[in-house]
Amino acid sequence: MNVDVERITHELYGLRPSEFTAARDAHVAEARRAKDTAAAKEIAALRRPPLAVWAANLLARERPEEAERFLALGAALREAHRMLDGERLREAGGQQHRLVAALVRTAAGLAEAAGQPLSDTVLGDVERTLHAVLAHPDVAGPWSRGSLATLPEAAVGFPDVSPEARPRPAAARDEQGPEDSGTVEDGRTGGDRKTRTTRETRAAREARKAENARQAEQAREAENARQAKQARAKEKAREAERVRVLLARRVRERDAAREAADAAKAAAEEAAGRLRRAEREREEARSAAAESERIAAEAETALRAAESALDEARRAAGAAGDDS
């Protein structure tokens, strides 16, 4: 039984990254049980996507119409770059920035709904992935299927196109005509006019190419400046987040210190109360001891008086006996 690697790949890259490895290994084991060695190797070679790539894949899977429009924009941008069409580059570039920002927000919402909120750093990588989708067909293809595996390199501008591969603008072809003739063959002056017309046509074409190249360079510089500004804004946001976290920590430490001080104050008050009670008890004990000593002295005095009376009674009894 042949294993459907394409179906399994699509299934795996739809899972959250934390679920990817276990599911992939299970499919590898299943392919081996089916004795499909080639499929097992192909599945085992699949790599778990980073969180940002998973979120970008989720966007392509859950919003296919928006993904289709985005891919069309990428094709338009690449064509404008290939043609060195500055006007089309500026127009498509403006759409690019708005659409990428909107899609990043959509990806964040989809990821959160799937139980996987994204940090600012991960969202920055989602944006980087989408820019690469616009610039590179080899990234756009896997992304359009929701099966992109790795975080692409940052896309700055578009791949260079060799001059030979660039089609000539229609206006230049019309001016040039077949074989760069555009002239009349009338006697010995025809060759001179042909040479002059060819030079003028080439000069106009070169000037137009130079202007298109200048506009394309301006578009690339604007894109680089935008990305640099965005990087600075992200760094400021990260710094603000660090300050916020530090401030929250200091507030927690202050609250903990306040609670400890309150507890210490309550313990001190309780100890003072116990001391006051002990002092009262000590005074009461002193009073009780003094009273006991007074009672004992009185008892001693009464005892001596009783003993004296007893002695006197004995003496009286002895004297009475003698008289009889």
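Arg-314 is exposed, with a relative accessible area of 55%. Arg-314 pairs with Asp-311 in a salt bridge whose closest N and O atoms lie 4.0 Å apart. The model is predicted. Its chain holds ten helices and zero strands, and a search of the whole structure finds twelve salt bridges and two aromatic pairs.

**Overall make-up**

- From the N terminus on, the elements of the chain run α-α-α-α-α-α-α-α-α-α.
- The chain has 324 residues, and 27% of them count as buried.
- Among contacts in the chain with a separation of 6 or more, 70% are between residues 24 or more positions apart.

- Asp-311 has a relative accessibility of 36% and counts as partly exposed.
- Arg-314, at 55%, counts as exposed because its value is over 50%.

**Salt bridge Glu-283 to Arg-286**

- Glu-283 forms a salt bridge with Arg-286, and the closest N and O atoms are 3.2 Å apart.
- Helix H10 covers residues 190-323, and the two partners are three residues apart within it, which means a separation of about one helical turn.
- Glu-283 is partly exposed at 39% relative accessibility.
- Arg-286 is also partly exposed, and its relative accessible area is 49%.

**Salt bridge Glu-291 to Arg-294**

- The side chains of Glu-291 and Arg-294 meet in a salt bridge, with an N to O distance of 2.3 Å.
- Glu-291 and Arg-294 are three residues apart in helix H10, so about one helical turn separates them.
- Arg-294 counts as partly exposed, at 38% relative accessibility.
- Glu-291 is partly exposed too, with a relative accessible area of 34%.

**Aromatic pairs**

- The search of the whole structure for aromatic pairs finds two.
- Tyr-13 and Phe-20 form a tilted pair, 5.2 Å from centre to centre and with 50° between the planes.
- Tyr-13 is buried, at a relative accessible area of 2%.
- Phe-20 is buried as well, and its relative accessible area is 0%.
- Phe-70 and Trp-143 form an edge-to-face pair, with 5.8 Å between the centres and 70° between the planes.
- This pair links distant parts of the chain, as Phe-70 is in helix H5 (residues 64-82) and Trp-143 is in helix H8 (residues 137-144), 73 residues apart.
- Phe-70 has a relative accessible area of 0% and is buried.
- Trp-143 likewise counts as buried, with 0% relative accessibility.

Methods:
Residues numbered from 1 in each chain as written. Predicted model: local features only at pLDDT ≥ 70, side-chain atom pairs only at ≥ 80, totals over all residues. Heavy atoms only, no water. Helix = DSSP H or I, 4+ residues; strand = E, 2+ residues; numbered from the N terminus. Buried < 20%, exposed > 50% of the residue type's maximum accessible area, 1.4 Å probe, protein only. Contact = heavy atoms within 4.5 Å. Phe/Tyr/Trp six-rings, centres within 6.5 Å; stacked < 30°, edge-to-face > 60°.
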